[in-house]
Amino acid sequence: MATACPVLAKVSLALLKLSIIFKHTFMESIDCIVVGYNDIPFDRYVNLIERYGKGSEAYRDLKFSFIDLDHGPSNYVELLNHVVDAAAVQKGASARQGFVSGEIPNLAAVYLSNFLRRHGLTANYINLFQNEKEEFELLLRKDPLCVAITTTFYVLNFPVNEIVQFIRARNPRVKIVVGGPLIGNHLRNYSDSELVDVLNDIKADYYVVDSQGEATLAALVRCLKENRDPAGIPNLAYISGGRVATSPLLPETNSLDETDIDWSQFAREMPLGMTLQMRTARSCAFKCSFCNYPTRAGKLSLAGVETVRRELESIRTAGNIRNVVFIDDTFNVPLPRFKELCRMMIDCKFHFNWFSYFRCSNSDEEAFELMAESGCKGVFLGIESGSPAILKNMNKAASVERYAEGIKRLKEHGIVTFGSFITGFPGETDATVQQTIDFIRENKPDFYRSQIWYCEPGTPIFREKEKYAISGEGFVWEHATMSSPEAMDHIERMFLEIKESLWLPQWSFDFWFIPYFLGKGLSVDNFRTFLAHASRLLTLDLEYAPAAEKRRMQTEHMREMVDAIKSWPAISQSAAA
Ligand code: B12
Ligand code: SF4
């Protein structure tokens, strides 16, 4: 956020950039560059979705993540930057480092680089493709053996295609490897000529077909380094003679106790910011019927408490990091291990603020106390529904009563709660949606969001397709008791009716934005203020009003928002400096 001295901030940023460029110019040769996230410009994404029509479920779903301003769609990060800038200018403070979605180190990119280095190879990573093109180009000029493109968040090819084109235009010699969930999904969903088409669309040299993939990548890089033919390496696919050739599949079983990250090493090369993510487990022990993550990721595997301690110690040594986000899908399962982890964080006096996914139906009083004492500041609760019948259909293995109790206890311990819900799951009716609305209004999680059920082939509910008369796919579906447009109507009503909890948008924002926001020197109350004002703007977009009236009210709301933000301490300090 705002720095104490704007001029110093600019100078130190420029120096940092120079030192990175200098390092890239003179460093040793690179075996592999790992590319993190391609956060495509938001207006481009809106245009793409708009092609389905403004009445489409995909567009209506996205609409909950942006405000229509005069100059075009503004997602919540853009809105935040806009109003913070306006507030800073009004206070007489000009220079400011903006909020960037995804600025937190991309875990897959760091993880893979770390793995390669542990195996005696040299690796660098590009965190955010759109923001680091200059650095990327410099690295490509060093003639690396290959570039590995991660695909954690992509369900379509185009963010990868853009990276491939960028590389080919600058260095046609470098081999390009793509792996991760996108490739796993393609290999599962397509075969024969369709698979050829979908991989040809990407135009990489090699594809890694494994839910872990790190050992395969290391073997491939070594092979390229030693100028050997990679054809014998398991878990690889590539196009040969117009067909997809695949080597034998040999699922990787890399131990999480041998793949922990030494963050202090990365901190010496790159500024890491104040917030980091880490994982202590792979996959999930549950089998929710709308989710195929456990199927894709395999059996639940856990890192030992000592490994987690070691990684946290490396974060402490790395310097300024204040917030840690555990990305494990069910961090508190199994509960005895979770308590051990909390005790370890207390004993080691780490004093990090930490955040995680949390199953509040799988906790007890001792766990709540340990969480608070060990620094937990917020949790993401996958509640999904306030209807017992829908929770049963979802195979959630949770009860509404335990959820209510859990939210109450978390709040008593000063832990921020975000409830995530799904609307329209098979069995959903007007009455069950009302139960969810009542649940949110009564239990008041600090933040909430409901999203339309995504009808995904391959998820367990598909085995009950006939029972629920499910037709359609993705965002567009129908089942015995609801259709996707009806579900969207319910979500809009939910947003307009619920005043007891604040709507948290998804795109470029989400719950993980809170630790990042805190890492910029702001508070949860500041976050609440911003969201409350943003919700008023979103309400204006969703409720019908004559254009002139809407514009007048929007201007008024924006002015009030900027006024509220002017009192944020970081802005006042920067103005005073
Ligand atoms: C944290 C998280 C988020 C955070 C991200 C915060 C951040 N800035 O990083 C938030 C909440 C913002 C988020 C958002 C989204 N997410 Co999310 N998220 C996750 C989560 C929990 C962890 C991801 C992670 O970092 N994993 C840890 C790393 C180390 O693992 P990994 O990425 O899988 O990488 C490993 C392997 O896959 C492999 N690998 C990956 N790439 C490559 C490449 C090569 C070459 C090789 C060899 C190997 C390899 O190597 C790694 C080590 O083994 C996962 C679920 C999960 N547990 O994985 C979902 C998940 C990745 N998200 C998912 C989705 C769909 C999204 C959204 C698109 C949702 C939406 N509809 O908007 C958005 C997109 C992001 C955006 N623009 O906002 C899906 C992805 C599905 C897919 N790709 O098929 C997942 C799997 C959840 C699910 N429901 O199944 N997400
Ligand atoms: S929704 Fe979460 S808890 Fe349920 S199976 Fe998927 S990852 Fe596990």
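User: What should I know about the model before I start?

Analyst: This is a predicted model in which local features need pLDDT of at least 70 and side-chain atom pairs count only at pLDDT 80 or more, while totals for chains, interfaces and linings use all residues. Residues are numbered from 1 along each chain as its sequence is written, and chains are lettered from A and ligands numbered from 1 in the order in which they are written.

User: Why is Asp446 called buried?

Analyst: A residue is buried if 20 or more other C-beta atoms lie within 10 Å of its own, exposed if 12 or fewer, and partly exposed in between, with C-beta atoms placed from the backbone. Asp446 has 21 other C-beta atoms within 10 Å, so it is buried.

User: Where does Asp446 lie, and what is it in contact with?

Analyst: Asp446 sits in the loop between helix 18 (430–443) and strand 17 (447–452). Here helices (H or I, at least four residues) and strands (E, at least two) are DSSP runs, numbered from the N terminus. Contact means that two C-beta atoms, placed from the backbone, lie within 7 Å. Leaving aside neighbours within four places in sequence, Asp446 is in contact with Val416, Thr417, Phe418, Ser501 and Leu502.

User: What makes Lys444 partly exposed?

Analyst: Lys444 has 17 C-beta neighbours inside 10 Å, so it counts as partly exposed. Lys444 also lies in the loop between helix 18 and strand 17. Its phi is near 45°, a positive value in a residue other than glycine.

User: Is Asp192 buried or exposed, and how do you know?

Analyst: Asp192 has 9 C-beta neighbours inside 10 Å and therefore counts as exposed. It belongs to helix 9 (residues 192–202). Asp192 is not a glycine, yet its phi is positive, about 50°.

User: Which residues of helix 22 are buried, and why are they said to line one face?

Analyst: They are Asn526, Phe527, Phe530, Leu531, Ala534, Leu537 and Leu538. Seen down the axis of helix 22, these residues fall within an arc of 125°, so they line one face of the helix. The arc is that of the directions from the helix axis to the C-beta atoms. What covers them includes strand 2 (66–69), helix 4 (76–90) and helix 23 (547–566).

User: How does helix 4 compare with its expected span?

Analyst: Helix 4 has 15 residues and reaches 21 Å from first C-alpha to last, close to the 21 Å expected. Its buried residues include Tyr76, Leu79, Val83 and Ala87. Just after helix 4, Gly92 takes a positive phi of about 85°.

User: Why are strand 10 and strand 21 placed at the edges of their sheet?

Analyst: Two strands pair if DSSP finds at least two bridges between them. The open sheet of 7 strands has the order 10-13-14-15-16-17-21, with parallel pairing. Strand 10 (275–278) and strand 21 each have a single partner strand, so one side of each is left without a neighbour in the sheet.

User: What makes strand 13 and strand 14 a pair?

Analyst: Strand 13 (residues 323–326) and strand 14 (residues 353–357) are joined in the parallel sense over 4 bridges, and the cut-off is at least two. Val325 stands opposite Phe355 in strand 14.

User: What makes strand 4 mostly covered?

Analyst: In strand 4 (residues 123–128), 6 of its 6 residues are buried. Strand 1 (residues 32–37) runs parallel to strand 4 and is joined to it by 5 bridges.

User: Which residues are around ligand 2, and how are they classed?

Analyst: A residue is near a molecule or strand if its C-beta atom, placed from the backbone, lies within 6 Å of it. The residues around ligand 2 include Cys284, Cys288, Cys291, Asp329 and Gly382. Ala, Val, Leu, Ile, Met, Phe, Trp, Tyr, Cys and Pro count as nonpolar, Asp, Glu, Lys and Arg as charged, and the others, Gly among them, as polar. On that basis the shell has 6 nonpolar, 2 polar and 2 charged residues.

Conventions. Expected span 1.5 Å × (residues − 1).
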